[in-house]
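Subject: Handing over the structure

Hi,

Here is the structure I promised to pass on to you. Have a look at it first, and then read on for my notes.

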Amino acid sequence: MSSPDIASIMDNSRELDRLRKDQEEVLVEINKLHKKLQATPEVVEKPGDSSLSRLKSLYIQAKDLSEREVVISNSLVSKLDTFLPSGAPGQQRRKMDGSDQKRRRMKSDSDISRLSPSMRSHIEACLSLKDEQVAARVTSDAEKDEWFVVKVINFDEKTKEFEVLDEEPGDDEEGGVQKKYKLPASCIIPFPKQNDPSGTQEFPAGRNVLAVYPGTTALYKATVISTPRKVTILVTTVIIQYLLEFDDDEEDGALPQRTVPFHKVVPLPDGHRQ
């Protein structure tokens, strides 16, 4: 291995260290904002408050740092592979015998604890969605995306894929059975927590969103007509609902305004096609 090659590897290693320190600093700031919003959620309603925009900026920064870490790590692996002896397949298999296999299992069990803070937080968030209902893009073609309410069965940490179940039975042509899908995280959007409205993002009037159409398990693009309002039912039950207009929902030449619970409304994905 030549000196320039070693220098390049060391440069990458130093950049990884810097990225991880930056990620830890961003995570600290995110946690501070989370605590602030949980303690005083009404602060976001004050004129001039920038808590939500600051939180969004921090999440974008954490995502960028995480993606940069992946790029640098892949570069390091490629450079090291160039200089490591390949060895015979039989020799590699023998090295995995006995105590080596045990160490490998231990390594796998502790992998998540050794990830960067932002990546670890992302994986833990994905794992926490097990048995939860989420919005999922189950089909995507040249013309449109189709989003449905599904239940998360499992999240595979290695493939970074969700296994989900469409709990609605299929058409008679499909045998009337429930369908399972394996989807990447980019096809999954968690719903807001029904029992924690204060901790969810609020969409202003005029914002385009993705929402569950009343009486169905399908999500469609809609426009917010009014921000969430409380509706009291049977004196004690309070439901927080948006007033929405769904695209392509025309009746008698006008778009009817429909109420949708806040926990069935999510951000409209970039590039959504309907």
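Which two side chains meet in a salt bridge of 2.6 Å, N to O? They are those of arginine 258 and aspartate 249. I will come back to that pair below, after a word on how to read everything.

This is a predicted model, so local features need pLDDT of at least 70 and side-chain atom pairs count only at pLDDT 80 or more, while totals for chains, interfaces and linings use all residues. Residues are numbered from 1 along each chain as its sequence is written, and side-chain values use heavy atoms, with hydrogens and water left out.

**Around aspartate 249**

Aspartate 249 sits in the loop between β8 (237-246) and β9 (258-261); strands here are DSSP runs of E with at least two residues, helices are runs of H or I with at least four, and both are numbered from the N terminus. With a relative accessible area of 9%, aspartate 249 is buried (buried means under 20% relative accessible area, exposed over 50%, and partly exposed in between, using a 1.4 Å probe and protein chains only). Besides the salt bridge to arginine 258, the side chain of aspartate 249 has a polar contact of 3.0 Å with that of tyrosine 213 (a polar contact is a pair of N or O atoms within 3.5 Å; within protein, one must be able to donate a hydrogen and the other to accept it, and residues adjacent in sequence count only if both atoms are side-chain atoms). If you leave aside the neighbours within four places in sequence, aspartate 249 is in contact with Tyr213, Ala254, Leu255, Pro256 and Arg258 (contact means heavy atoms within 4.5 Å).

**Salt bridges**

The count comes to ten salt bridges, each defined as a side-chain nitrogen of Lys or Arg within 4 Å of a carboxyl oxygen of Asp or Glu. One of them joins arginine 18 to aspartate 22, with the closest N and O atoms 3.0 Å apart. Both residues lie in helix α1 (residues 3-39), four residues apart, about one turn of the helix. Arginine 18 is partly exposed at 41% relative accessibility, and aspartate 22 is partly exposed at 22%. They also belong to a network of salt bridges that links Glu15, Arg18, Asp22 and Arg68.

Helix α1 holds another pair: glutamate 29 and lysine 32 are three residues apart there, about one helical turn, and their side chains form a salt bridge of 3.6 Å, N to O. Glutamate 29 is partly exposed at 29%, whereas lysine 32 counts as exposed at 51%.

**Strands**

Strand β2 (residues 145-156) pairs with strand β3 (residues 161-166) in the antiparallel sense over five bridges (two strands pair if DSSP finds at least two bridges between them). Phenylalanine 155 stands opposite phenylalanine 162 in β3. The two strands form a hairpin with four residues between them, and lysine 160 in the turn has a positive phi of about 60°.

Strand β6 (residues 208-212) is largely enclosed by the rest of the structure, because four of its five residues are buried. Its antiparallel pairing with strand β10 (residues 265-267) runs over three bridges, and leucine 210 has valine 266 in β10 as its bridge partner.

**Cysteines**

How many disulfides are there? The count is zero, where a disulfide is a pair of cysteine sulfur atoms within 2.5 Å. Cysteine 126 is buried, at 6%, and cysteine 187 is buried too, at 7%.
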